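Thanks for coming. I will go through one structure this morning, starting with the chain as a whole and ending with a few single residues.

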Amino acid sequence: MQSANHQSRRAFLRHSGGLATASAILSLSGTQSGAAEAAANTDQSRHHITAVTDSHYYLSDVRLEEGFEHEGEVVVGTRTGIHTLEIQDGRIKALHDAGAALDASLPRYKAQGKLLLPAFRDMHIHLDKTFYGGQWQAPLPRQGKTIMDMIAREEVLLPKLLPTSQTRAERLIDLLLSQGSSVARSHCNIDPVSGLKSLEHLQLALANYRDSFECEIVAFPQHGLLHSKVDGLMREAMSMGVHYVGGLDPTNVDGAMEASLDAMFQIALDHDKGVDIHIHETHPAGVAALNYMIATVEKTPALRNRLTLSHAFALSTLRPEELNEMAGRMAAHGVTVVSTVPIGQRTMPLPQLRAKGVTIMTGTDSVIDHWSPFGSGDMLEKANLCAQLYGGSDEFRLSRSLAIATGDVLPLSDDGKVAWPKPGDTAEFVLVDASCSAEAVARRSPRRATFHKGRLVYGAVERA
């Protein structure tokens with residue numbers, strides 16, 4: 001996929017700077033300038049398209065990564081080129097060089113030189129309970145509060161949130177799309193206070209976005225599977241199209257580690273579902289729970305490749321040799337870790353886990369709710385945090401940091417070969433104001449358009 005008009009990142013930036021200088025020199029003054037700007041804006045609005053639903057079309061003027069630039073053995077830049085994507089029935093049918101002859105009968109849209117990146121994946125979020133979409137509301141102080149105190153607060157809060165939970169979920173989905181995420185996994189409360197209402201409202205919201213957003217649902221017993229006696233409700237949720245059985249801190253919340261985890265796994269086995277558990281507990285309770293869950297998967301083939309550990313803070317408490325041993329067992333049986341990339345005392349050993357072959361994903365978790373006010377829905381922010389925490393400040397490592405946001409899909413392989421996009425790939429991508437992946441991660445570059453299965457679901461492109 002080499003292009004005659006390829007250019008390096010540095011050349012791209014020089015060219016951009018030259019355009020800015022030329023624009024300043026040639027700019028009109030006074031009323032002439034204002035009239036010209038108004039006319040340009042009017043003309044631009046005629047050509048900007050905010051919905052692409054054609055089953056077969058071209059997206060031209062797309063910037064794709066083509067390889068790394070080296071000085072000796074060091075990657076010092078990323079080479080890119082301008083291409084045209086041919087998209088049909090939600091997939092990339094073909095990639096064409098910029099000057100290739102195109103079928104004039106097909107609709108054509110222009111990406112205006114924006115960088116194409118794989119769509120982002122927010123794999124741990126709570127769409128069902130958020131303050132987002134309403135008036136600003138900070139959470140109450142958490143100092144000195146246990147998780148059981150927070151659950152007690154939630155029991156009071158949930159009835160107040162339920163009447164607007166569908167609308168707020170939809171606003172949160174809009175936020176994710178604007179940040180480039182069209183795939184997510186949402187935990188949804190199953191508890192005695194809300195019953196199955198939170199799930200019903202979330203499913204109504206997702207139904208309204210069925211063509212633009214893909215979301216797995218985890219039935220989440222936030223108030224404790226045993227503590228709140230919701231085994232029956234959880235099983236009802238399984239019959240409503242839920243994808244995963246959730247769980248929560250079996251020692252600190254349920255007070256019975258083995259019984260709690262056994263109950264969670266039994267629901268999953270009975271209904272042929274995967275498991276995604278919130279495990280905040282550290283040493284020793286968290287380590288004991290991790291060992292018990294991994295051992296359960298090791299002796300239960302039906303659970304292989306179906307256990308996700310969300311947060312898993314206990315991994316940060318292990319000695320290097322203990323971590324390597326546990327990570328090896330996890331990789332051998334397909335145990336995944338979803339981390340929000342926390343900063344502070346619990347820096348997670350994500351590079352060490354990945355080096356052992358453990359699949360690592362990330363997610364927002366809370367977005368402006370009673371747990372935290374800081375969630376932004378931005379997976380580039382998570383990639384940026386990874387780069388900062390784990391020393392990814394050079395071109396190569398910055399580009400690799402993007403993997404946590406995209407489900408390990410990267411435009412270039414480690415040796416600089418084109419890995420994505422390729423014909424046959426699902427047309428799920430985001431257009432970004434950046435010259436390459438490394439810049440996008442470092443600067444958290446603005447997202448200009450998000451495509452999901454070939455449909456423009458956020459932002460705008462230009463009609464050619």
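A definition before the charges: Lys and Arg count as positive and Asp and Glu as negative, while His and the chain ends are not counted. The place of a charge is taken as NZ of Lys, CZ of Arg, CG of Asp or CD of Glu. On that basis, the mean positions of the 45 positive and 53 negative charges of the protein chain are 2 Å apart.

Please note that this is a predicted model, in which local features need pLDDT of at least 70 and side-chain atom pairs count only at pLDDT 80 or more, whereas totals for chains, interfaces and linings use all residues. Residues are numbered from 1 along each chain as its sequence is written, and side-chain values use heavy atoms, with hydrogens and water left out.

Now the overall fold. The protein chain has 14 helices and 19 strands; these are DSSP runs, H or I of at least four residues for helices and E of at least two for strands, numbered from the N terminus. Its radius of gyration is 24 Å, close to the 23 Å that the globule rule gives for 464 residues, so the chain is as compact as a globular protein of that length. That radius is taken over C-alpha atoms, and the rule is 2.2 Å times the number of residues to the power 0.38. Along its principal axes, the C-alpha trace spans about 70 × 55 × 45 Å.

Of the 464 residues, 53% count as buried. Buried means under 20% relative accessible area, exposed over 50%, and partly exposed in between, with a 1.4 Å probe and protein chains only.

Cysteine 386 is in no disulfide either, and the nearest cysteine sulfur, that of cysteine 436, is 18 Å away. Cysteine 386 counts as buried too, at 10% relative accessibility.

Last, tyrosine 390. Where does tyrosine 390 sit? In the loop between helix 11 (379–389) and helix 12 (395–401). Tyrosine 390 is partly exposed, at 26% relative accessibility. Leaving aside residues up to four places away in sequence, tyrosine 390 touches Thr347, Met348, Leu350 and Pro351, contact meaning heavy atoms within 4.5 Å.

Conventions
A disulfide is a pair of cysteine sulfur atoms within 2.5 Å.
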